[in-house]
Amino acid sequence: ADDGVGKNGYVGPGYGGQAYDVEYLGLQITNDKIYFGLQTGFDVVNGRSSNGIYFGPGDFALNVDNDAFYEYAIDFAINTTTKVVTYTLYQATQWQNSYYSSTWHGVSDPFQMKTGIKIGTFTGSYGKWYNLSDNKDGGYSYVLEGAFDRSLLPLLADVPVTLHWTMGCGNDYLNVSATPVPEPGTFVLMAAGLVGVAGMARRKRC
């Protein structure tokens, strides 16, 4: 959902208006893929400068076990000519928080991975549009989309996965969650295990 730009151009948790508005964040988990997408007024290609300070776009952060730490990061590089995005998936070991340490920015953290272990790369798409029909604030919106194999993450059935994104200044952020279900192969293994348990029970009764 779009959190919107409020009165006087404010966005939560900080200020900044459309240029710092995180408009939409999406996450979908299927049997074999994890899909994600971002729409934001923040320039994800060039970043933004304010009062002589440069703020870059953050990495996507993924929390897969419902604790307080984001275990995975998705970094990206955008080719504006081909509109192709190269994503790199990492197992994150340390995160960098937003440049500001104000109380209202703390909820935006983390914004960028500092150290991690590379898992793999994949590609997605990029777009930039002016005044999209679903952009309630007007101005430019930048869109990133991607998908990767579900097998790259150790997902737990019925444990929600949370996707997070913010920019370097932490002016605005969004979180979205999706809950994976067991893969078809897992159902087969579970069924086979239950049949085996039933057989053991019958033999025990004889």
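**Aromatic rings in close-up**

By the ring-pair rule, the count comes to 13 aromatic pairs. Rings of Phe, Tyr and Trp (its six-membered ring) pair if their centres lie within 6.5 Å; planes under 30 degrees apart are stacked, over 60 edge-to-face, the rest tilted. This is a predicted model: local features need pLDDT of at least 70, side-chain atom pairs pLDDT 80 or more, while totals for chains, interfaces and linings use all residues. Residues are numbered from 1 along each chain as its sequence is written, and side-chain values use heavy atoms, without hydrogens and water.

**View A. Y20 and F42 form a tilted pair.** Their centres lie 5.7 Å apart, with 55° between the planes. Y20 sits in the segment before β1 (22-29) and F42 in the loop between β2 (33-40) and β3 (48-50), so the pair ties together parts 22 residues apart in sequence. Strands are DSSP runs of E, at least two residues, numbered from the N terminus. Both Y20 and F42 are buried (under 20% relative accessible area; exposed is over 50%, partly exposed in between; 1.4 Å probe, protein chains only).

**View B. Y99 and F111 are also tilted.** The ring centres are 5.5 Å apart and the planes at 55°. Y99 is partly exposed at 43% relative accessibility. F111 is buried at 1%.

**View C. K128 lies over the face of Y140.** The distance to the ring centre is 4.4 Å (rule: NZ of Lys or CZ of Arg within 6 Å of the centre and within 35 degrees of the ring normal). Y140 belongs to strand β9 (residues 140-149). Y140 is partly exposed, at 42% relative accessible area.

Note on methods. Helix = DSSP H or I, 4+ residues; strand = E, 2+ residues; numbered from the N terminus.
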